[in-house]
Amino acid sequence: MESQRVVVVVEDVGAARAALQWAVRNFIRAGDCITLLHVCPPARSRRRRRSLRLGGFQLALAFRELCNGIAEAKVEIVVREGEVGETVVATVNQLAATTLVVGLHDKSFLYRSTSPYERMRRVGCRVLGIRQHATARDGSFNAELTQIETINLHVPPPKIPFPMFTLPLGVLWRKRSKAKKRK
């Protein structure tokens, strides 16, 4: 089997941790390359930017501990700065990833986009969205997998709120005014 490059979006929410746990248990195999990607919001001051990047790196290190159960898996940590959606798409394409794993929650970057279908169409890999359920038994968690098809995704053209009819009123008005002048 060919090894795959899996990019997991690291966020400070439970859904992101559940997505990584689900991927480690059900999807990632030995020999795969796992990239933990954290995107920091842009900051103006150098001190604030450094603080955000350090916090993102520490969060990714905490997520790395979840990957310890996989033998021979290579784990990388990437911390980038920028708008979350655009940075994730650019990084996934730059790394030539085969799969993107995203934890779905109410404030996920997939939902905040003005055009989520267009953004996901630009991702050149399979996208797995994992939503964590609130019910948990015996220390385990329940998760729901959603595979987002990016290849056959059809985006309908935007609807016009009301029909536009072009009426040649200017032409009719000119004809009437010329007819009045002749009389």
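These legends describe close-up views of one predicted model.

Residue numbers start at 1 along each chain as its sequence is written, and side-chain values use heavy atoms, with hydrogens and water left out. Because the model is predicted, local features need pLDDT of at least 70, side-chain atom pairs count only at pLDDT 80 or more, and totals for chains, interfaces and linings use all residues.

**View 1. The protein chain has six helices and six strands.** Helices (H or I, at least four residues) and strands (E, at least two) are DSSP runs, numbered from the N terminus. Along the sequence their order is β-α-β-α-β-α-β-α-α-β-β-α. The chain has 183 residues, and 37% of them are buried. Buried means under 20% relative accessible area, exposed means over 50%, and partly exposed lies in between (1.4 Å probe, protein chains only). The chain exposes about 12400 Å². Carbon and sulfur atoms supply 53% of that area. Accessible areas come from the Shrake-Rupley method with a 1.4 Å probe, and for residues only the protein chains shown count as cover. Among contacts with a separation of 6 or more, 74% join residues 24 or more positions apart. A contact means heavy atoms within 4.5 Å.

**View 2. Arg-5, Lys-74 and Glu-76 form a network of salt bridges.** Side chains of opposite charge can pair when their charged atoms come close. A salt bridge here is a side-chain nitrogen of Lys or Arg within 4 Å of a carboxyl oxygen of Asp or Glu. The structure holds two. One joins the side chains of Arg-5 and Glu-76, at 3.1 Å from N to O. Arg-5 sits in strand 1 (residues 5-9) and Glu-76 in strand 3 (residues 74-81), so this pair ties together parts that are 71 residues apart in sequence. The other joins Glu-76 and Lys-74, at 3.5 Å from N to O. Arg-5 is partly exposed, because its relative accessibility is 22%.

**View 3. The largest pocket holds about 250 Å³ of space.** Rolling a probe the size of a water molecule over the atoms shows where empty space is left. On a 1 Å grid over the protein atoms alone, a pocket is an open set of points where a 1.4 Å probe fits, with protein on both sides within 12 Å along at least five of seven lines. Grid points are joined across faces, edges and corners, and the volume is the space filled by probe spheres set on the points. Lining residues have an atom within 4 Å of a point. There are 15 of them, and those closest to the pocket centre are Asp-12, His-38, Val-39, Cys-40 and Pro-41. Strand 2 (33-40) and helix 2 (46-64) each supply at least two lining residues. The lining divides into nine nonpolar, three polar and three charged residues. Ala, Val, Leu, Ile, Met, Phe, Trp, Tyr, Cys and Pro count as nonpolar, Asp, Glu, Lys and Arg as charged, and the others, Gly among them, as polar.

**View 4. Ala-43 lies in the loop between strand 2 and helix 2.** Ala-43 counts as buried, because its relative accessibility is 15%. Leaving out residues up to four places away in sequence, Ala-43 touches Arg-48, Arg-49, Leu-52 and Glu-81. Gly-82 is 39 residues from Ala-43 along the chain, and their C-alpha atoms are separated by 8.9 Å.

**View 5. Helix 3 (residues 84-95) contains Thr-87.** Thr-87 is buried, at 12% relative accessible area. With residues up to four places away in sequence not counted, Thr-87 touches Val-39, Arg-80, Glu-81 and Gly-82. Ala-96 lies in the loop between helix 3 and strand 4 (99-104). Ala-96 is exposed, at 57%. Its phi is near 55°, a positive value in a residue other than glycine.

**View 6. Leu-100 is found in strand 4.** Leu-100 is buried, at 0% relative accessibility. Beyond neighbours within four places in sequence, Leu-100 contacts Val-7, Val-9, Val-88, Val-92, Cys-125, Arg-126, Val-127 and Leu-128. Arg-126 belongs to strand 5 (residues 126-132). At 34% relative accessibility, Arg-126 is partly exposed. Arg-126 and Val-101 are 8.6 Å apart, C-alpha to C-alpha, and 25 residues apart in sequence.
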